[in-house]
Amino acid sequence: MDFTGERYVPGIGGSIALEHEHRYRFCLDIVEGQRVLDIACGEGYGSALLASRAEKVWGVDIDRQAVDHANQTYKRDNLRFFFGSCSAIPLPDASVDVIVSFETIEHHDEHEEMIKEIRRLLRPGGALIISSPDKRFYSDERKFRNEFHVKELYREEFISLLKANFANVTEFGQRIAYGSALLLREGAGEIRSYGIACADPVNGLHNPIYQLAIASDDPAWAALGRGGIMEETVYRSEAIIERTLDAERTISKQRLELDELKEAAEEQVRELRLELDKAKEAAEEQVGELRLELNKVKLAAEEQVSELRLEFEQLRRNRRVGATFRRLVFHRSGKPRGWMRTLLLKDKKGTPRQHMRRILFKKNGTVRPSFARWYNGLLARRVTSNQEPMEYAAFLRKQMESGALATASTLHIVTTPHTEFIGEAIAASLQNTRLRVTRATDMPDGFGHDLYAVVAPQMFERLPPPDKRILVQMEQVSASHWVNGDYLARMRESLAVIDYSRENISALVGRGLPLKQIYYVPIRPLRRAGKLKEERDIDVLFYGAISSERRRRYINALAERVNLRVESDTFGPAMRDILDRTKIVVNVHFYENALLETTRLSEALSHGAQIVSEDSTDQADHSDFVGLVDFVPRDDVEAFIRKVEAVLAGWRAPIELPKDEGFSGMSFHVQRVLHGIGVLSLDELQRACAEMEMPSERLILSLPEQFKRYDFALANRLPGAVLFHGLRNIDGWKGCASSYKFLSSHALARGLSRLTIYEDDATFVPDAVKRLTAIEQELTARGDDWDIFSGLLSDLHTDASITGINIIRDEEFIDLDSVIGMVFGIYNRSALKTLADFSFDGDDSAKHTIDRYLERLPLRTVTVHPPLVGHAETFESTLWPVNNASMIPMIDASIARLGEKRKRFLRQRGRNDL
């Protein structure tokens, strides 16, 4: 049937659908097993719904077309439709238990006659369920008139009519509402209605447009009527539908206007083409003239270049004038002087002049070493858009000051299918934080999340905006063709760049990426909940690209000796199922001298597979895999196969991973990144790491991204000392202070009585281990009668006082009331509490650093003469933009100042035993 506006037809949607269908569903519990009459049944959909629960249903309507339609459309054994008016219905007296009549009474003015007919048909104690619009809210307040309504009733009139004919009347209200439902999950409860502009609730529904009532002489019927909510998406509401129609009308109008504009534009194009042809002829004539002039200039330039090459070769051979030549060509920073840059490049984008390429590049196409740092940095700053490259420190500081990072609540991880494990591991690393993490293997159309982590970003055409994105770099930088100028530019425009390899980080910095932007995050196995599959039918598996000649050499040799399965293009659930069935995974490098494929190792271990792998050039950075992976020297195929055969012969069960990865694991490092860029506060980081064990009571504070300092500390560490990867901040001194506060708080929480922390540029005298043993014995003997032992007082205050000097165990101990310098310190529990209480009271690095904070406090300080440690001069400072060598005069002056105070102290006490 067509919808005319007089009666509802299923399928038209909007508010009218909700209103009509809700009323019939309201009746279902009431009509269960009853004989029911539906007055003004319309096209019959409601009667059919009632018939699904009732014993028998009659539908009556005054429209013969509607009755015919209903009989053809809704066929049930207990359902019948017939013609009749609401005041003359062809059924016997007392023949029905329940009469339903929705939105009927307002369509005529024979109200008393209709109620009289209803009373005739109802059996004694039967019920009427009737609805009608409230004239006040339906018509008056909306200034609306329904052309099909003859006589609408106000609420008082409606209820008065029913109460005059029935002993019990229960009222309900109905209207379409856009709002929020807050209801008991189970059981019945009172419903209250709130208006958005009204703080005080009302019982039931506020200002209903439709009134519905259950009327009967039997009060039991009322208990069967239950109010409720019938839901539908807001996008199918009449307001949205009307807005959509308006938009379609507007679009149609704009299309007509666009066609007219298009015709006018095409006419203008035709005219412009004629003018362009004329201009082209004139330009070609000018180009011919310019080419003649350009050839003359080119010949002259080539002559000059030849002369310069001769001079260059002579200068290069003459070693005595090499320094003079370098000063002539380069600034102290290594950047070529302006005249040389003009000679080499034809624009600011870094495009080399064709006739100067042999000076800038070697025959193999790589940049000559003299120009490499400058030119690679120039390429890294090139961006694919017209925007200038951003200055990272200023960019990140702006984002942190906006507060958007500190209040971020969602992080969406986007990976390629073959890096999905990385996304899973990052998500697991953040499960103890406030962030809600989601994952996908497709880049979303829009970027509505607060933050995004994109793994293998070079594989995606689009990326989230720079102020929301963290990029996870997975290429081997020195070998991959992906690491080009465009990729470096993408990395520069991000909140942070994560890399799994310290060698990669070194290469990226060499290519011009800011060190402050790069974070080391080791890829480690993921300990999954649940029991690993023990029955495994795949003996040996290799998975990954097989286009490398060296990999094929290993694979072919393995296939002759063991049951080998090779998967080169399988990802996602299918790959995870294969790993769950695998006993041994073999890892063979794609490149010669490659980095360790920690992603493959970690993913396979996470599924319980044992691993045989070649060792790698960066093996020292991956000690966490020792005991989990069987490593074989690179390029020894026979030794590799024998190891695989031995492991396979000894295989009994899936490998078990350690429960606590601690501060060397992936979780801490992912959280360290988010703390470094201002997403996680120090308190949040502390809570997330609360269950991690302290790796040692002797820690070396270092940044793995600072490869020279880190490797120096690794090679010169004291027995039992463990490198702790310090916290980061855009201001280095704040990251240092946060590290001490973090470690002190964690040591106290783990019940440590003291903690040794020294920095990665500390140097030790030859007998340092022996001296340190004596020092620690003396500190233990003192109990709580000291706060800090300092191995080097780097800038002793002039007002500092010596309170005692004693020779114990061949070591001269000096007690003071002041401390300065964090190069080497042993912190008693009292000092750990002091460090844990540190807070950033300002941004003045001359006043608010961690060592100046300690200097202002009356701490019981112990040191030794001569100092236990020194300070390496060759490194760049991680806190200040200076070289360590610039601090040597300050340290020397501090040692001399301590020596003078020592002499004065001994002289005043008449001591000559030292």
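This is a predicted model: local features need pLDDT of at least 70, side-chain atom pairs count only at pLDDT 80 or more; totals for chains, interfaces and linings use all residues.
Begin by selecting helix 20, residues 666-676, which is mostly covered, since 11 of its 11 residues count as buried. Just after helix 20, select Gly678, which takes a positive phi of about 90°.

Next, show Tyr740, Phe742, Tyr827 and Ile850, the residues with the most contacts inside the largest nonpolar core, which has 44 residues. Helix 23, residues 732-749, gives the most to this core, with seven residues. If you centre the view on Phe742 and leave aside its neighbours within four places in sequence, you will find Phe742 in contact with Phe663, Phe668, Leu682, Leu685, Gln686, Cys689, Phe724 and Leu727. A second, separate core has 38 residues, and Tyr392, Val472, Val679 and Ile730 can be selected as members of it.

Turn now to the cysteines. How many disulfides does the count come to? The count comes to zero disulfides, where the cut-off for a pair of cysteine sulfur atoms is 2.5 Å. Select Cys41, which is in no disulfide, and you will see that the nearest cysteine sulfur, that of Cys86, is 12 Å away. Cys41 counts as buried, because its relative accessibility is 3%. Cys736 is likewise in no disulfide, and the nearest cysteine sulfur, that of Cys689, is 18 Å away. Cys736 also counts as buried, at 11% relative accessibility.

Ile191 lies in the loop between strand 6 (168-174) and strand 7 (192-193), and Ile191 is partly exposed, with a relative accessible area of 46%.

The last stops concern the backbone. Most residues other than glycine have a negative phi, and most peptide bonds are trans. Select Ala94, which has a positive phi of about 50° although it is not a glycine; Ala94 is found in the loop between strand 3 (79-83) and strand 4 (96-102), and Ala94 is partly exposed, with a relative accessible area of 41%. Then move to Arg809, which is not a glycine and yet has a positive phi of about 55°; the loop that holds Arg809 runs between strand 26 (802-808) and strand 27 (811-816). Finally, select His865 and Pro866, where the peptide bond from His865 to Pro866 is cis, with omega near 0°. Pro866 sits in the loop between strand 29 (861-865) and strand 30 (869-871).

Conventions. Residues are numbered from 1 along each chain as its sequence is written. Side-chain values use heavy atoms; hydrogens and water are left out. Buried means under 20% relative accessible area, exposed over 50%, partly exposed in between (1.4 Å probe, protein chains only). A nonpolar core is a set of buried Ala, Val, Leu, Ile, Met, Phe, Trp, Tyr and Cys residues joined through side-chain atoms within 4.5 Å. Helices (H or I, at least four residues) and strands (E, at least two) are DSSP runs, numbered from the N terminus. Contact means heavy atoms within 4.5 Å.
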